[in-house]
Amino acid sequence: MDAILLQILNGLDKGSAYALIALGLTLIFGTLGVVNFAHGAIFMIGAFTAVAFSKLLSFSFVTLDPVKKNFLGKPLEIQNTYLAEWFGDTVGNGLIDWAVPLSILFSIPIMLFIGYAMERGLIKHFYKRPHADQILVTFGLAIVLQEIIKAFFGANPIPTPAPEMFRGSIDFGVLIGFAENAIIYPYWRLVYFLFSAIVIGAVFAFLQFTTFGMVVRAGMADRETVGLLGINIDKRFTIMFGIAAAVAGVAGVMYTPINSPNYHMGMDFLVLSFVVVVVGGMGSLPGAVLAGFLLGILESFASMNFFKEFIPGVDQIIIYLVAIVILLTRPRGLMGRKGVMEE
Amino acid sequence: MLGLDKNDTKLLLIVICLTMATPILLQPFAEGSGMAQFNAGYPDLMQRFAIFGIFAIGFNILFGLTGYLSFGHAAFLGVGSYSTVWMFKLLSMNVLPGLILAVILSGLFALLIGYISLRRSGIYFSILTLAFAQMSFNIAYSVLTPLTNGETGLQVYASDPQYLMDETSLTSTHFFGLAMSASQKVLFLGREFTFNFGYYFCAVIAIAAFYLSLRIFRSPFGLMLRAIKTNQTRLNYTGINTRPYALAAFVISGMYAGLAGGLLASMDPLAGAERMQWTESGTVVLMTILGGAGTLMGPVLGAGFIKYFENIFSKINENVLHQWFSWMPDGLEDAVVWVLHFFVGKGWSLTLGGLFMLVVIFLPGGLVEGGQRIAALLRRMRNKSDGKSAGDKPGTTPTAAE
C-alpha cells in the first residue's frame, strides 16, 4: 500500500509539469486552432528566466579583504552581492535564497509579452495555412529559440537550487498514518504539485467565473457567432495565447530546482506533452490535465521493479504505448470534444 | 529512354552528370588559397550528400506526394544502420547483404508502423509516428542493449564470428573486394580532386533511387498519391480505399530511409541509437521542406544545401570573420562580427532554424520555388529588353523539376 502511494506521489511532479504544458498547448489549440510546436521552448525559456533572475539577484561587486591573503599572497577578494549591501545580510541573502519562487513575478510579464509577440508576429499569419505549415514554422521557431538560449547560457545544465527551507525531504507517510520512513518525499516536489494545482485551478476559475473567460469559452465553441455579436474575439484569443505562454513559463520556473535547466529540456518535454494532449483529447482542457497526471503516475508505476520484471523496459515506452492504444481505440482521446480536429 | 519522356530523360541525365562530377564541382578553389575552406570535395562529406539525398527523396515520396507528415522516419534510418552492422558482424564486411537486409527489415518495420499510424491522419498521424520513433529510440537505448549495444553503439569487433570471412577478405567495408575507403587523388591546376569509391557507390545507388522516385512520380500510383493529398474525402466517396496506397508510399519511403541508414553504416561501420532520435527525423523534414516538398529535385537540393552549409558554417569562427570584415572601420567591424558570430560555428543550428522559418513563411515551395520565381523574373526582364510585348508565356513549360 505504501509502495503504491509512493509511486503515485512520485508521478505527481512529472505529471504536474505535463499537465501545465499540456494545458497551455490545449488553450492555444482550443482558441486559435494552432498546433504549437514551440510550446516546449516556451517552457524552457520560463526555466531560464529563473536562471537569469537568480543571476541578476546575486549580482556582486568585489572588495579586498584587508587582513587575509589568498594563496598567491595577494589580498583575498570577497564577493559582495549588492542586495546584501543594500538591504542588510538577512534580507538580502534571504532574497537570493528565494530567487526561484520570486522569479515567478519576474517571468509572468516576460512570458505574457513573449506569447503576445509570438502570436502577433508569427502565428497570426498562419491561421489560414494548413496544419502541416503551422507545425513546421513553430518547429523552426523552437529550434531558433533553443539556439538563442544556448548562445547566451551555454549548453550545460545550470543548477538552480530551491530555497533553503524546501531542500531535503519530508516523511510524508507519518502525516497520514504510515510507519516512519515508509514514504519519503522531497519538499520541493510537494511544493511543485501544490503550485501546479493552484495554477490549474486559477486558469479554470478564470475561464469559468469571469466575463472575459466566458467570452473566450463562447469563442472556442463558435468563433464566428461571437464575432458577429460585435466582440473582438481575436484580441481575446491573443491574450489567451499570452496566458498559455505564462502558464508554461511558470511551470518551467518552478521546475528548475527539480531538474537543472538546459537548452533542450523544452524539446524533451514537448514530445511527451503532445502525447498528453492527444491522450486527453485535442481541445479539451480537463482532458489535458487529467491525462497529464495520469501519464505521469503511469510512468512512475512502470518504473517499479515489479512491472519491469514482467516487461523489461516498460518504463521507457509506457507513455507512447498508452497513447497508441488510446488513439486507436478512442480516436478523440479521453475527453475530446466532437468536431475538434476530426481529420 | 527507360520509360521516361523527353524532359524527364533530360532531367535524369543532368542529375547523373552532376552526381558523377561532384568531386570536381565541389572543389572549385585552389589548395592553399583563401577560398579553400569553401571546398567540399572530401569523400566523407560527399557520401553524406548522396546518403541524405536518398533519405530525403524517400521522405518526399510520403510527405511530398500524400501530404502525410511523418516525424518518425529516423526510426527506419536506425533500423537500417543496425541491421547492416549486424550483417558485418555475422557474415563479412561486404556491404551487399547488409544493405539488402536493411531495406527488407526497415520495410517490414515501416509496414507495421504504417499500418497502425495510417488509421489516423493530419496531426494525429504526425504524433503517432513521433511516438513510435521515440519508443524505438528508448527501447534501442535500454532493453535491446544486447542487440544494439545501448549507449556505446553497435560496432564490429575482432571477436565477432564473421562466417564468410577468410584470410584474403578485406577488414574494412567493401563491395566485392572494392574498399569503400579507396580513393584516387588527382592534382590538376593546383586543385586536388579526390575520387572515392565509397562516394561513387552511394552516388550510383542515389541515382537509382532518384530514377525510381521519378517513375513513381509519373506513374498512376503517384497520381493516386497526389489525389490523396488534394482531397482524400472525395476519393473515399468515389469508392476508393486510399489506405493501401498511403501504406505503400509509407513503406517505400521507410525502405529508402533504411537504405540510407544502411549506407551510413557501410561508410562507417557504426550504429548508434542517437540516429533514431526524433531530431534526426526533424532533419529530414527540414531538408525536404527547404528544398521543396513534392518536387523531384527539391529534397536532393535541400539535403545537399543543409549538409554543405553545415560543414562550411561550422568551420567559420570569429577570427575568420574578423579577417573578412577587416576593411571596415574598427567599431563597425566589431559590431558586425559580434552579430554574425551567433550564426556561424556552433551557431549553425540557429542559422538553419531561422532559414527554415523564412522558407516556410515566404517560400512554401522551398528552394525549387525560389529558383522558378527567379527564372520567371529573368525571363520577363529579357522579354522586356527584347522589346517584345508582355506576351511571355508563363507556365507553358512547367520546369522538369516539378
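This is a predicted model: local features need pLDDT of at least 70, side-chain atom pairs count only at pLDDT 80 or more; totals for chains, interfaces and linings use all residues.
A surface patch here is built from residues with over 30% relative accessible area and no salt bridge, and nonpolar side chains are joined into one when they lie within 5 Å.

Chain B carries a nonpolar patch of about 630 Å², made by B:L96, B:I100, B:I104, B:L105, B:L108, B:L111 and B:F176. Take B:I104 as one of them: it sits in helix 4 of chain B, residues 95–117. Its relative accessible area is 46%, so B:I104 counts as partly exposed.

Now for the inside. Rolling a probe the size of a water molecule over the atoms shows where empty space is left. In this structure that turns up 2 cavities of 30 Å³ or more.

| Cavity | Volume | Lining by class |
|---|---|---|
| Largest | about 50 Å³ | 7 nonpolar, 1 polar, no charged residues |

Who lines the largest one? The list reads A:L25, A:F29, A:V34, A:V35, A:N36, A:F274, A:V277 and A:M282. Helix 1 (2–32) and helix 12 (265–280) of chain A each give at least two residues to that lining.

The second largest cavity draws on both chains: A:V275, A:V278, A:A323, A:I324 and A:L327 line it along with B:I127, B:L128 and B:A131. Two or more of these residues come from each of helix 12 and helix 15 (314–329) of chain A, and from helix 5 (122–141) of chain B.

Conventions:
Residues are numbered from 1 along each chain as its sequence is written. Chains are lettered from A and ligands numbered from 1 in the order in which they are written. Side-chain values use heavy atoms; hydrogens and water are left out. On a 1 Å grid over the protein atoms alone, a cavity is a set of points where a 1.4 Å probe fits but cannot get out, and a pocket is an open set with protein on both sides within 12 Å along at least five of seven lines; lining residues have an atom within 4 Å of a point. Grid points are joined across faces, edges and corners, and a volume is the space filled by probe spheres set on the points. Helices (H or I, at least four residues) and strands (E, at least two) are DSSP runs, numbered from the N terminus. Ala, Val, Leu, Ile, Met, Phe, Trp, Tyr, Cys and Pro count as nonpolar, Asp, Glu, Lys and Arg as charged, and the others, Gly among them, as polar. Patches are made of residues with over 30% relative accessible area and no salt bridge: like charges are joined within 9 Å, nonpolar side chains (Val, Leu, Ile, Met, Phe, Trp, Tyr) within 5 Å. Accessible areas come from the Shrake-Rupley method with a 1.4 Å probe; for residues, only the protein chains shown count as cover. A salt bridge is a side-chain nitrogen of Lys or Arg within 4 Å of a carboxyl oxygen of Asp or Glu. Buried means under 20% relative accessible area, exposed over 50%, partly exposed in between (1.4 Å probe, protein chains only).
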